[in-house]
There are 2 protein chains.
Amino acid sequence: MTTRINVGEKVLKENDRIAAEIRAELSRKKILSLNLVSSPGSGKTSLLERTFQDLKDTIPMAVIAGDVQTDNDARRLAAAGATLVRPIVTGGACHLDARMVQQAMTGLDLSCCRVLFVENVGNLVCPSSYDLGEDMKVVLISTTEGDDKPLKYPAMFRRSSLMVINKTDLLGHSDFDLERVKDNARRINDKIGILELSCRTGAGLSAWYDWLARTVDSKQRRASKGA
Amino acid sequence: MTTRINVGEKVLKENDRIAAEIRAELSRKKILSLNLVSSPGSGKTSLLERTFQDLKDTIPMAVIAGDVQTDNDARRLAAAGATLVRPIVTGGACHLDARMVQQAMTGLDLSCCRVLFVENVGNLVCPSSYDLGEDMKVVLISTTEGDDKPLKYPAMFRRSSLMVINKTDLLGHSDFDLERVKDNARRINDKIGILELSCRTGAGLSAWYDWLARTVDSKQRRASKGA
């Protein structure tokens, strides 16, 4: 088992090296990068679809969409108006790693974009360990999944800067308690930002768009200072 | 990377060896073993809770409940009337492996039980690769997760004998199409059994109980012939 751990550490170290290259490149181009993580079916693709439909004329955005199999999401996102879309089909792997993202970025002219979304594989465990060169992780949780998920999958919530609670239109159809999920998330990460919305009804989306615009501006300012 | 693959293969081979030991022991004791897999929040624990509440006087059942963190599920299942409950907290690992199950079985007197449920970590990817000595995998999918999941996570649906569609009470609140998810599952695995139910309302549970009783009987007959 010692061998396995050492090999795993080497893989993660190599991943971090590539992630740092991605981070430097995106900062040079003043592009905000958000790594979207969640269980399968929490609504990562739906949130991006709505975001592209509503903001495509305001903020040019690119997306790298990862899936174990199929490029369904990438096709949905292209139809929704993303400026640039690149699928990654992992062919079995349970998470994206920095090398996959770097390869997907090859030949992708991001110079016109201000945001790069990376839609990770639907998995609340493994993607938490892999830095993809993002500015921050955004974790989605839907109201149909149970409000104890932050406690059961703590690494993901500890490493995320924002928790988006999706499917608020389904509140009341389960025992999911909005205050309890917030308390649980804050017990794991007292700095986590929290937004509530429904991609289906549109409720709460404006607060997400405001957050996104503010975060894009803040990235532009930081990147300009750093340059 | 070659080294890593070799180490991974060795780990899987060792896992299969232990899984075979578990399978032999459970067959000797004529115990049906079901490995429950799904995304986080699809309702594995809820299904087991209902099953224990309704069948505890008919079929003695044990459960090994895995979670990345917390023993919440094990406590819920003990309260619901499982004959024996043993938690596994993986402390970060994204799946159960056969060694964890064998360790959890140590000192657990299963002789009175006819079913051992293993509730895996909520994850549609990694648990598909690990044989836990079960007779079959049962995959849950809820109607709030999207009907394309069998195509996006094919390994899990290919290796499962039964797909349980949970949260049918929420049909109509999303674009989830019952016929489409069945078609998608059968495209991946044309032998997969399919049940629809709602743990919340109880609709469809009797068909699950019938399936379980039939499968327990069939295991008893096969194990008796083998003995």
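**Exercises on the interface of chains A and B**

Six salt bridges are counted between chain B and chain A, a salt bridge being a side-chain nitrogen of Lys or Arg within 4 Å of a carboxyl oxygen of Asp or Glu. The model is predicted, so that local features need pLDDT of at least 70 and side-chain atom pairs pLDDT 80 or more, while totals for chains, interfaces and linings use all residues. Residues are numbered from 1 along each chain as its sequence is written, chains are lettered from A in the order in which they are written, and side-chain values use heavy atoms, without hydrogens and water.

**Exercise 1.** Describe the polar pairing between chain B and chain A, and state which elements of chain B take part in the contact.

*Solution.* 
Step 1. A:Lys152 forms a salt bridge with B:Asp67, with the closest N and O atoms 3.6 Å apart.
Step 2. On the side of chain B that touches chain A, α1 (2-28), α3 (72-80) and α5 (149-152) each supply at least two residues; helices are DSSP runs of H or I with at least four residues, and strands are runs of E with at least two, numbered from the N terminus.
Step 3. The largest share, four residues, comes from α1(B).

**Exercise 2.** Determine the extent of the contact between chain B and chain A.

*Solution.* 
Step 1. Each chain is taken in turn: 39 residues come from chain B and 39 residues from chain A, contact meaning heavy atoms within 4.5 Å.
Step 2. The buried area is about 2900 Å², with 57% given by carbon and sulfur atoms; buried area is the accessible area (1.4 Å probe) that two parts lose on being put together, summed over both.
Step 3. In chain B, the residues that lose the most area to chain A are B:Pro40, B:Lys152 and B:His173, together 20% of what that side buries.

**Exercise 3.** Explain why the pair A:Asp131 and A:Arg23 ties together parts of chain A that are apart in sequence.

*Solution.* 
Step 1. Over all chains, the count comes to 38 salt bridges.
Step 2. A:Asp131 forms a salt bridge with A:Arg23, the closest N and O atoms being 2.8 Å apart.
Step 3. A:Asp131 lies in the loop between β4 (115-119) and β5 (136-142) of chain A, and A:Arg23 in helix α1 (residues 2-28) of chain A, so the pair joins parts 108 residues apart in sequence.

Notes: Polar contact = N/O pair within 3.5 Å; in protein donor to acceptor, adjacent residues only side chain to side chain.
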